[in-house]
Amino acid sequence: MSKRIILDVEIPARKPWSVIIRKGQTLRITDTHGQQAVDTLFYCADDFGERYSGQDTLRAQGSAYVGLGTKIMSNEGRVMLRVTADSCGLHDTSAGACSCESNTVRFGHQTRYQHACRENFVIEAAKYGMSKRDIVPNLNFFMNVPIDPAGNFTVVDGVSRPGDAIELAAEMDVLCLISNCPQINNPCNGFFPTPVQVTIFEAED
């Protein structure tokens, strides 16, 4: 028996979006066109001071990447969500979000005014009374960031195909902030940002 869909929306290319996911519900993010990075942050819906922690998540699973079975951990050491399905198998936790400042440093002053994920996060977080101080290092679903033995990493061509998806079951009520990455200066979006689909399924009885 299939789970009931309670929300099914398309996030346009380059845009921010947010939603409260209740404990037991499942979030599915679908890369409808392929090679589209989806920058994501999670906050405890009851206390925004508790939020996604990349360090705790990586320490809990002993891996630099998120995939099937990963427990998404908070800075309080609690499980926020669990990855219950994943057809891509490669999701970054190290490269963070693009910003106007990083664009300028990496790609030149002509990119200073291009929209970026950090700005998307600030816009969306403001709806919940948060500021740029609340934007922490984020997850990058579907973004390919290989790490070499020396610890160096860079963003390279994505491996996600059209229709690839990841599903996460909420272990607590969480606020999910998404920036559908607008980056056009590196290959994280195939140099052409595209929409993604977000679906939320009701909790199983």
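Visitor: Which residues point one way from β13, and which the other way?
Guide: In this predicted model, V196, V198 and I200 point one way from β13, while Q197, T199 and F201 point the other way, and all of them are buried. In a regular strand the side chains alternate between the two faces of the sheet.

Visitor: How many residues of β13 are buried?
Guide: Six of its six residues are buried, so that β13 is mostly covered, and buried here stands for under 20% relative accessible area.

Visitor: Which way does β13 run against strand β1, parallel or antiparallel?
Guide: Strand β1, residues 5–11, pairs with β13 in the antiparallel sense over six bridges, and within that pairing L7 has I200 as its bridge partner.

Visitor: And how many bridges join β3 to β13?
Guide: Five bridges join β3 to β13, and these two strands also run antiparallel, with T26 standing opposite F201.

Visitor: Back to V196, what is it in contact with?
Guide: Leaving aside neighbours within four places in sequence, V196 is in contact with V9, E10, I11, T30, D31, T32, Q36, V38 and N180, and its relative accessible area is 0%.

Visitor: Changing topic, which residues touch the most other members of the largest nonpolar core?
Guide: Those are L27, F42 and F141, in a core of 30 residues, to which several strands, including β3, β4 and β13, each supply at least two residues.

Visitor: What is F141 in contact with?
Guide: Beyond four places in sequence, its contacts include I29, V38, F42, V66, H91, I166 and L168. A second, separate core of nine residues includes A125, I135, V136 and L177.

Conventions. Residues numbered from 1 in each chain as written. Predicted model: local features only at pLDDT ≥ 70, side-chain atom pairs only at ≥ 80, totals over all residues. Heavy atoms only, no water. Core = buried A, V, L, I, M, F, W, Y, C linked by side-chain atoms within 4.5 Å. Buried < 20%, exposed > 50% of the residue type's maximum accessible area, 1.4 Å probe, protein only. Helix = DSSP H or I, 4+ residues; strand = E, 2+ residues; numbered from the N terminus. Contact = heavy atoms within 4.5 Å. Pairing = 2+ DSSP bridges.
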